[in-house]
Amino acid sequence: MSGISTAALLRDQIDLLVRHFGFERVRATLAKLSTQGDEGSRAPMRKTVPRGQTPVRITVAAAIESIRDSDPEKHRLLSEFLGRLMGRQILPESQDIRHFAQLVGIKEISGRSRKEMVPKLMRFLLEQPVERLQADLQSAANISEQQRRMGFSVLTDKLLGE
Amino acid sequence: MAVCVSMINMKGGVGKTTIASQIAWYAALRLDKKVLLIDLDPQANASQSVMSPQTYVDYLDGGGLTVHDIFEQFTPTGTASGSPKTLDPLKAIYARVEYDDGSLLHIVPSRLELSWTLRNPHDKETLLPRFVAKVQDRYDLVVIDCSPTDSMLTDAAYYCSRYILVPIRAEFLASIGFPLLNRSIQAFRMRHEDNSVEVCGMVFNDFYRGNVKSENRLARKDVLDKAAKYGWYVFKNDIPHSDSYFKAARVGMPIANTKGTHGKVKTEFAAFANEFFPRIGL
C-alpha cells in the first residue's frame with residue numbers, strides 16, 4: 001500500500017474537485033447528496049477501489065482525469081506518462097524518480113519508495129504548464145541506470161566521431 | 001549583482017570540478033540562490049556531469065553555444081563570415097533546472113575546442129568578464145571551474161572573480177600548486193591594480209578518513225605552516241574522500257541527493273559549505 005492515510009486521500013480528492021469545479025459547486029453537490037441520503041456515501045471507500053488498483057493510482061488518475069476537458073493536451077501527456085511510469089517503462093527505480101524530480105524542478109522529493117514518490121511527482125507535474133511538460137516528460141526516457149552506465153560510451157563516441 | 005568565485009589550482013586532479021559543481025548545487029538547493037556555473041576547462045567535465053552525458057552531447061549536436069563561442073565570437077571563420085557580430089550571451093547558457101521559488105542552476109558549457117583558443121589567446125581574456133557583466137544581474141552567484149593551467153583562461157577567470165577558492169590535496173606535488181597560484185595572482189594584480197580578486201581560502205580535499213598517511217600529514221603541515229606565515233585562510237571543514245562524489249558526477253546530482261551517499265558525507269560537505277558561503281558574502 002502507499003502509506004497515504006484515508007483522510008489524506010479524501011482531502012486530496014476533494015481538493016481536486018474544488019480546483020476543477022469550484023468550491024460552491026462541490027459544496028452544493030455534497031449538500032444534495034446528503035439530503036438524498038445517498039447510499040454510496042455510506043459505503044466504505046475501499047469497496048470503490050477497483051481490484052488491482054491502489055488508492056494512489058486512483059488519486060493520480062482521478063487528478064489527471066479531472067483536466068480532460070479543461071486541458072486536453074496536458075491530460076494526454078500525463079495519462080501516457082503515468083501509464084509508462086506504472087508499467088516501469090520509464091523511471092524504473094526510486095533513484096530515477098528522485099533524479100527526474102530534481103531535473104524538472106522539485107528540490108527534494110520526499111519518500112523512500114517509488115510508490116511514495118509517484119503521487120508527489122504527478123501532483124507537481126499537474127501544476128506545470130503544458131509547454132514545459134512536453135520537454136520535461138521526454139527527458140524521463142533518458143534517466144535510468146542503463147543510461148547512466150552509458151555516459152562514458154556516449155562521450156567517447158562524440159569525441160571520437162563515431 | 002552576482003558574487004563570482006573561481007575554483008583554481010594549477011595542479012590537476014585536486015577536486016576543482018567536483019567542488020565547483022557541488023557548491024553550485026548547494027547554493028541553488030539549500031540557499032535558494034540563482035547560480036550560474038561556467039565551465040572554463042576544455043575537458044568539459046563540469047558540463048558533462050551537471051548536464052548528463054547524453055544531454056551534453058545533444059546540446060552540442062543541436063548547435064548549442066559554449067564558452068568557446070564566447071572567446072571566439074569575433075574570430076573570423078572564413079571569407080563569407082561578414083562583419084563581426086556580438087554573441088547573444090543568453091544563447092550560451094543552458095538552463096539545467098529552475099525552481100518555483102526562483103532559485104536555479106544554469107551552466108555555460110565547455111567543449112574540447114576551447115583548447116584551440118589557447119593557441120591564439122591574444123586579446124581574448126576580457127571577453128569572459130564582458131560576458132559575465134552582461135548576465136550577472138540575473139544571478140546571485142557565478143562559479144567558474146578553471147582548467148589546471150596558468151593561461152589566458154586563468155586571467156579571464158581572475159578578471160571575472162571577486163574570490164578564488166583553492167581545492168588542495170594533502171600531498172607534496174599538490175601542495176606546491178598553492179604558492180604557484182599565489183604568485184600568479186600577485187603577478188595579475190600588479191598588472192591590474194584596480195582588480196580586487198582575492199583568495200577566500202583553501203580547502204583540503206579528497207583524503208581518506210582514519211587512514212591519513214605520514215606523507216599526507218607532512219604535506220598538510222607544510223601548507224598550514226606557510227598559511228600561518230602568509231596569512232592564507234584554510235577552511236576548518238575539510239572535504240574527505242567519498243566514492244559518492246564519483247557517483248554524483250556520473251548521475252549529475254548534488255551529493256545530498258545522490259543515492260547511497262552516507263549521512264556523514266552530506267554533513268561534511270554541508271559544514272564546508274556553511275563555512276564557505278559566509279566568506280564570500282552569501
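**Note on a two-chain predicted model**

1. The contact draws 16 residues from chain A and 15 residues from chain B. Two residues are in contact if their C-beta atoms, placed from the backbone, lie within 7 Å. On the side of chain B that touches chain A, helix 3 (53–61), strand 3 (94–98) and helix 10 (243–251) of chain B each supply at least two residues. Helix 3 of chain B gives the largest share, 3 residues. By type, this side of chain B holds 8 nonpolar, 3 polar and 4 charged residues. Here Ala, Val, Leu, Ile, Met, Phe, Trp, Tyr, Cys and Pro count as nonpolar, Asp, Glu, Lys and Arg as charged, and the others, Gly among them, as polar.

2. On the basis: this is a predicted model, where local features need pLDDT of at least 70 and side-chain atom pairs count only at pLDDT 80 or more, while totals for chains, interfaces and linings use all residues. Residues are numbered from 1 along each chain as its sequence is written, and chains are lettered from A, with ligands numbered from 1, in the order in which they are written.

3. Chain A has 9 helices and 0 strands. Helices (H or I, at least four residues) and strands (E, at least two) are DSSP runs, numbered from the N terminus. Of its 162 residues, 22% count as buried. Buried means 20 or more other C-beta atoms within 10 Å of the residue's own, exposed 12 or fewer, and partly exposed in between, with C-beta atoms placed from the backbone. Among contacts in chain A with a separation of 6 or more, 60% come from residues 24 or more positions apart.

4. The largest nonpolar core has 83 residues. Such a core is a set of buried Ala, Val, Leu, Ile, Met, Phe, Trp, Tyr and Cys residues joined through C-beta atoms within 7 Å. B:Ala24, B:Val35, B:Leu37, B:Val142, B:Val143 and B:Ile144 touch the most other members. Helix 1 (residues 16–29) of chain B supplies the largest share, 9 residues. Another core, of 22 residues, lies apart from it and includes A:Val60 and A:Met117.

5. Strand 6 (residues 163–168) of chain B is mostly covered, with 5 of its 6 residues buried. Strand 6 of chain B runs parallel to strand 1 (residues 3–7) of chain B, joined by 3 bridges. One pairing there is B:Ser6 with B:Ile164. Strand 6 of chain B also runs parallel to strand 7 (residues 198–204) of chain B, with 6 bridges. Strands pair if DSSP finds at least two bridges between them.
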